[in-house]
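Welcome, and please open the model in your viewer.

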Amino acid sequence: MMQKLYLVIPCYNEEEVLPETSKQLRAKMETLMAAGKISKESRIVFVNDGSKDRTWEIIESLHKENPLFQGIKLSRNKGHQNALLAGLMTVKEHCDMAISMDADLQDDIDAIDGMLEKYAEGCDIVYGVRNARDTDTAFKRKTAEGYYKVMRLLGADIVYNHADYRLMSKRALDGLEQFKEVNLFLRGVVPMIGYKSDKVYYARKERFAGESKYPLKKMLAFAWEGLTSLSVKPIRMIMTLGSAIFLVSIAMLIYSLVRHAMGATLVGWTSTVVSIWAIGGLQLLAIGIIGEYIGKVYLETKQRPKFIVEEYLKDEDAEKKN
């Protein structure tokens, strides 16, 4: 029996790229259906994340023209990760597997073939991984590579050069549903699910149209979100540093007492001021990091919904058949 594949694509102000994205994805899905690689009940699902342009109108139009396209409209903008989760959790009861990808056509849609092959081999999760960063600026390339290395160092199990282009089986999606993360970082959460996984490498393209939804400020915020959501090592590092400074302070105290006993006490205004500032800065840094974690615990206790689906456009005829 052929497997039903759902493509889940978060959209925020994507009116410039959606017509071409839908055209290319439709051609891809129809080719896969004709080749017998996926069921004809497979679908392309666009998730409108509170767009302020004509994105939802385009999605509605696509759905009316062809039942291959479906749409999920969130009640307001909830961010890329929550929009992606909304799509995956909404379609998981209707598909055998789902592939998440961005709407800007930077993810090579031909990599879907490789993902399906890995799925047929028994993989529940298949990661789309960039084989190079030639399209990035030198600054973005170096910072991205450094970020992955830092995340690894701090104990976060993330796939190098992987974003959110991945295939997940229904079983993997059921596993993802069990995570009750409020501060969501899917590329860090998905590897925690377990199950057999593999990678498919592809060359990332330039954005087809429109502007990137992740300028430097958002990228830095997203990186910090991932770091503090996945790892407690920063707190342990502060504790280690604090312990080391405490030991040094004891050694300095002993040294000062010995110097005083020898009658060679030195009064150093500069060293005193520098020490006060250094220790004060360290304390503020430690308080800030601990405060970040306390803030996350505070949000967890509120049990706020990650998303609220306002409307779900789907093929009613196909549902009746099932």
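How many residues of α3 are buried? Select residues 80-91 to see α3, a helix of 12 residues (helices are DSSP runs of H or I, at least four residues, and strands are runs of E, at least two, numbered from the N terminus). The answer is 12 of the 12, so α3 is largely enclosed by the rest of the structure; buried means under 20% relative accessible area with a 1.4 Å probe, protein chains only. Among these buried residues are H80, N82, G87 and T90.

A word on the model: it is predicted, with local features needing pLDDT of at least 70 and side-chain atom pairs pLDDT 80 or more, while totals for chains, interfaces and linings use all residues. Residues are numbered from 1 along each chain as its sequence is written, and side-chain values use heavy atoms, leaving out hydrogens and water.

Show L85, L88 and M89 of α3 with L173, L176 and E177 of α6, which make the contact (heavy atoms within 4.5 Å).

Now select L5, L7, I9, I44, F46 and I112, the residues with the most contacts inside the largest nonpolar core, which has 35 residues. Such a core is a set of buried Ala, Val, Leu, Ile, Met, Phe, Trp, Tyr and Cys residues joined through side-chain atoms within 4.5 Å. Apart from this core lies another, of 29 residues, including V47, L84, I125 and Y127.

Finally, centre on F46, which touches I9, L18, I59 and F69, among others.

Conventions
The expected span of a helix is 1.5 Å times one less than its number of residues. Buried means under 20% relative accessible area, exposed over 50%, partly exposed in between (1.4 Å probe, protein chains only). Lists of a residue's contacts leave out its neighbours within four places in sequence.
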